[in-house]
There are 2 protein chains.
Amino acid sequence: MSTEEQKEGPEAAAPAPREVKCVVLTGFGGPKMVRCQKKPEPSAKEGEVLIRVKACGMSFQDLMVRQGVLEHGPKTPIVMGFECAGEVEALGENTSGFNIGDRVIGFCDYKAWSEVVAIPSQFVYKMPENMSFQDGAALPMSYLTAYILLFDIANLRQGQSVFTHSVGGGVGIAVTQLCHMMEDVKLFGTASYQKHEAVKANVDHLFDHVVDYPQEVRKLSPEGVDIFLDCLCGEDANKGISLLKPMGKYILYGSSSIVTGETKSFFSFAKSWWQVDKISPIKLYDENKTIAGFQLRHLLHKQGQHQYVKEIMNKLIKLYSDGKIRPCIDSAWAFEDVGEAMQKMQDRKNIGKIILDPTLEPKPKPVSPARIHTTSQCSEDKENTEDQQ
Amino acid sequence: MSTEEQKEGPEAAAPAPREVKCVVLTGFGGPKMVRCQKKPEPSAKEGEVLIRVKACGMSFQDLMVRQGVLEHGPKTPIVMGFECAGEVEALGENTSGFNIGDRVIGFCDYKAWSEVVAIPSQFVYKMPENMSFQDGAALPMSYLTAYILLFDIANLRQGQSVFTHSVGGGVGIAVTQLCHMMEDVKLFGTASYQKHEAVKANVDHLFDHVVDYPQEVRKLSPEGVDIFLDCLCGEDANKGISLLKPMGKYILYGSSSIVTGETKSFFSFAKSWWQVDKISPIKLYDENKTIAGFQLRHLLHKQGQHQYVKEIMNKLIKLYSDGKIRPCIDSAWAFEDVGEAMQKMQDRKNIGKIILDPTLEPKPKPVSPARIHTTSQCSEDKENTEDQQ
């Protein structure tokens, strides 16, 4: 805080609070609802680690939050973001295990997209020396999800086959890298056609999202697949379950198919639910199948499994240090350009992780008489954002 | 075949076939439907191993077959039995990997309860020197099931908790032994009260079948359990699923609750189906749960997974040789006493495996003016069984 800011209060008493940039969701809807704003800098409460953020990860769940389709979603306005990496700036009372200046990864329930964030220490993990902040921010959501899906729930074994959607997305890339650590695993996947050139080396058989992929898989593997990872939900859930081999495992870990337009569509939401068949355990008994659901944020923030997640995060950090996994970064964006970054993800144009970096300058915007991008620069407060350029 | 049997045919042509004792299901119903009869000795066809049987295993599925409640069950009359151990007596054409005299375990789709049985070689496994025939016959159904449930589907890890019904049954004992190979696994289980003294050392917390076990488990572990193994089905399926911790796994591997009276009860069958809630994968996603079904016989005989099963059988044989697992034999019975043996299992009075041994003499029966046990001796054919003593 500069001394200038402190000198002229009427009472010359409490200093004006320092401010930090952050990405605020002002209401549910399209990219315009997400704005770079300034907020008072948070401080570390008991058990918390205060992190000076150097990079933030974006995932499909952020789009769902923005559109208001996440179940038990937040109230607006709220600072968005579930994952970040940075340096420890301060420690709250009774916070142990960290020192000022430690390079760390933080996993939180919103509020990660900020220059400074306070996170309970159980959701903070130390980064190794050779890990960049961007890689650190790209790890939590994608790699924890992929690791738990493959090695805990599906119990992937040598010689098995895995189907995964969105091969070019954060989790998709993590899945392919983790599968390649195992011998003789056959990978099937989908990605938009325009990504095929970039990601085809990662899988054995690649299909476009829009083709009849169950039929294509059956042509190559009449029995189906051992493991089916589904982040789409809707009618793809039934397709995935029907594609399982005996002893096969289907895991639903997302519902990105309900993110279509700009705003919450009750129709697409209801349709997604209605399309998914309910299943009797007796049918699974008859067919030797497993179905599962996995949602990392629930596990951590509603179900209190931070110890379990920390153990897996430590394994991932070891795999990173050993050069076995390496996040793929699609692009890094200034906070001011978050709307454009999100649109890229919504258009399924990213290959790998989209990163927000609070130290980046916003991209220069074309000066035009047309209405100005509301997300192009950081506003001082949330009231006057529409007039900013 | 004795020469006497050959000399006096009208044409003095084909020798009379040798006969072997076997256990035949003559129709669906109570213990009287199961009879020891003589049948022509089978021979080994191409790819088959002919086994001189020394011991047979009985499992709850045999009761379900007898009562006609097994889905896609057989037509009667049929020689019963899914598992046996004995010596190789002959090999069919193009049958490799075995020699006459080898001690083997055989897994088949019916017909195991016979003095001699022919089994395709892919379902035959060599026994180590230190394994008794009774132990060999006790392994397949129980230990393969327990191993696949715990280590493939549930992916049991150190420090987790496992709930299993029928702790005193074949699978239940196998489950407890395999769990004890892992460090720090907490075991919950049910068994009939009269078995408690005998099996209580095998688990950490033992309940009677009839108590409100979900409530009892919640008292000890408010979060529930990591793994729930259900062989009862019916309303216990819903109880099991509701008892899961976050990341918990429920596996249905039997439906013994529908075996109640002597004959097929459509009411109890329909009730069991009707009581089991269908589940949406979206609910599993929301709750971080897994549900699965497992049925070994389907896997082997309808779904062709004999290579997978053989690999696990080899692991089990190694564990046996290393002294890590040891089947618990409740009792061994002559073929003639099969009805009584089955009744003991139906009354849930066995602790461990019930074995049929074709070399045993039938138990002496009390001579009484009352109607004679129809299963007390081996009949020459199926027509005159009622009159035998």
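Me: What makes strand 14 of chain A and strand 14 of chain B a pair?
Reply: This is a predicted model. In it, three bridges join strand 14 of chain A to strand 14 (residues 290-293) of chain B. Pairing needs at least two bridges, so the two strands count as paired. They run antiparallel. T290(A) stands opposite A292(B) in strand 14 of chain B.

Me: Why is the meeting of R157(B) and D152(A) called a salt bridge?
Reply: The N to O distance between their side chains is 2.6 Å. The rule asks for a Lys or Arg side-chain nitrogen within 4 Å of a carboxyl oxygen of Asp or Glu, so this Arg and Asp qualify. Across the interface of chain A and chain B, the rule finds four salt bridges.

Me: How many residue pairs are in polar contact between chain A and chain B?
Reply: The count is 24, with both residues at pLDDT 80 or more.

Me: Which element of chain A gives the largest share of the side that touches chain B?
Reply: Helix 9 of chain A, with six residues. Other elements that each supply at least two residues include helix 3 (140-153), strand 13 (244-252) and helix 8 (266-275) of chain A. By type, the residues on that side divide into 22 nonpolar, twelve polar and ten charged.

Me: How much area do chain A and chain B bury between them?
Reply: About 3,900 Å², with 56% of it on carbon and sulfur atoms. In chain A, M247(A), I282(A) and Y285(A) lose the most area to chain B. Together they make up 19% of what that side buries. The contact takes 44 residues from chain A and 44 residues from chain B.

Me: How do you know how the two copies are related?
Reply: A rotation of 180 degrees superposes chain A on chain B, with 0.0 Å of shift along its axis and an RMSD of 0.0 Å. The two copies are therefore related as by a two-fold rotation axis. The same surface serves both copies: 100% of the contact residues of chain A recur in chain B.

Me: What makes strand 2 and strand 4 of chain A edge strands?
Reply: Three strands of chain A form an open sheet in the order 2-1-4, with antiparallel pairing. Strand 2 (34-40) and strand 4 (78-79) each pair on one side only.

Me: How many bridges join strand 1 to strand 2 of chain A?
Reply: Seven bridges join strand 1 (residues 19-25) to strand 2 of chain A. At least two are needed, so these strands pair too. V24(A) stands opposite R35(A) in strand 2 of chain A.

Terms used. Residues numbered from 1 in each chain as written. Chains lettered and ligands numbered in written order. Predicted model: local features only at pLDDT ≥ 70, side-chain atom pairs only at ≥ 80, totals over all residues. Heavy atoms only, no water. Contact = heavy atoms within 4.5 Å. Buried area = accessible area lost by both parts, 1.4 Å probe. Polar contact = N/O pair within 3.5 Å; in protein donor to acceptor, adjacent residues only side chain to side chain. Helix = DSSP H or I, 4+ residues; strand = E, 2+ residues; numbered from the N terminus. Nonpolar A, V, L, I, M, F, W, Y, C, P; charged D, E, K, R; others polar. Least-squares fit on C-alpha atoms with pLDDT ≥ 70 in both.
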